[in-house]
Amino acid sequence: EFLLDATGIVVVWAQNGKEAVDYFKNGSNADVVLMDIRLPIMNGIDATKAIRKISSVPIIAQTAYTLGNEKDLAIQAGCSDYISKPVNSHKLMSLLNNILK
């Protein structure tokens, strides 16, 4: 949120994957989703799959766990791109600029 405040981007927080899915089920929309992979109640992979059934919104997966196959799982689930934590502000802004053109 700190990185995005200066841009004027409106940030809507979901505390878990289920809240993120419910946001879209309730008819709300977004220009882009930053999806953490490790979330309580419903993880980011399952939330992405559920959102994909409702919306084609671009989803950027983000995680601190860069080892293993999480990037591949995120892309297969429907994420548009992937960024590692800690998030590099320049890389995030570049991803957002490319997606929101």
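Predicted model: local features only at pLDDT ≥ 70, side-chain atom pairs only at ≥ 80, totals over all residues.

Residues are numbered from 1 along each chain as its sequence is written, and side-chain values use heavy atoms, with hydrogens and water left out.

**Exercise 1. The overall fold**

Work out the order of helices and strands in the protein chain, and check the chain against the globule rule.

Solution. Begin with the elements, where helices (H or I, at least four residues) and strands (E, at least two) are DSSP runs numbered from the N terminus. The protein chain has five helices and three strands. Read from the N terminus, they follow the order α-α-β-α-β-α-β-α.

Next, take the radius of gyration over C-alpha atoms; the globule rule is 2.2 Å times the number of residues to the power 0.38. A compact globule of 101 residues would come out near 13 Å, and the protein chain has 13 Å, so the two agree. The C-alpha trace spans about 35 × 30 × 25 Å along its principal axes.

Finally, look at burial and contacts. Buried means under 20% relative accessible area, exposed over 50%, and partly exposed in between (1.4 Å probe, protein chains only). Of the 101 residues, 31% count as buried. Contact means heavy atoms within 4.5 Å. Among contacts with a separation of 6 or more, 55% come from residues 24 or more positions apart.

**Exercise 2. The largest pocket**

Describe the largest pocket by its volume and its lining.

Solution. First the term: on a 1 Å grid over the protein atoms alone, a pocket is an open set of points where a 1.4 Å probe fits, with protein on both sides within 12 Å along at least five of seven lines; lining residues have an atom within 4 Å of a point. Grid points are joined across faces, edges and corners, and the volume is the space filled by probe spheres set on the points.

Now assign the lining to elements: α1 (2-5), α2 (17-25), β1 (33-36) and α5 (89-99) each supply at least two residues. The top contributor is α2, with five residues.

The lining divides into 22 nonpolar, four polar and five charged residues.

**Exercise 3. An aromatic pair**

Classify the arrangement of the rings of tyrosine 23 and phenylalanine 24.

Solution. A pair of aromatic rings is described by the distance of the centres and the angle of the planes. Rings of Phe, Tyr and Trp (its six-membered ring) pair if their centres lie within 6.5 Å; planes under 30 degrees apart count as stacked, over 60 as edge-to-face and the rest as tilted. The count by this rule is one aromatic pair. The centres of tyrosine 23 and phenylalanine 24 are 5.4 Å apart and the planes stand at 80°, so this pair is edge-to-face.

Then compare accessibility: tyrosine 23 is partly exposed at 26%, whereas phenylalanine 24 is buried at 7%.

**Exercise 4. A helix residue**

Is threonine 48 buried or exposed, and which residues does threonine 48 touch?

Solution. Threonine 48 lies in helix α3 (residues 44-52). With 0% relative accessibility, threonine 48 counts as buried. Beyond residues up to four places away in sequence, threonine 48 touches Met35, Ile59, Ala77, Gly78 and Cys79.

**Exercise 5. Backbone details**

Inspect the peptide bond between lysine 85 and proline 86, and the phi of isoleucine 41.

Solution. The bond joining lysine 85 and proline 86 is cis, with omega about 0°. Proline 86 is in the loop between β3 (81-84) and α5.

Isoleucine 41 has a positive phi of about 65° although it is not a glycine. Isoleucine 41 belongs to the loop between β1 and α3, and is exposed at 70% relative accessible area.

How values were computed. Nonpolar A, V, L, I, M, F, W, Y, C, P; charged D, E, K, R; others polar.
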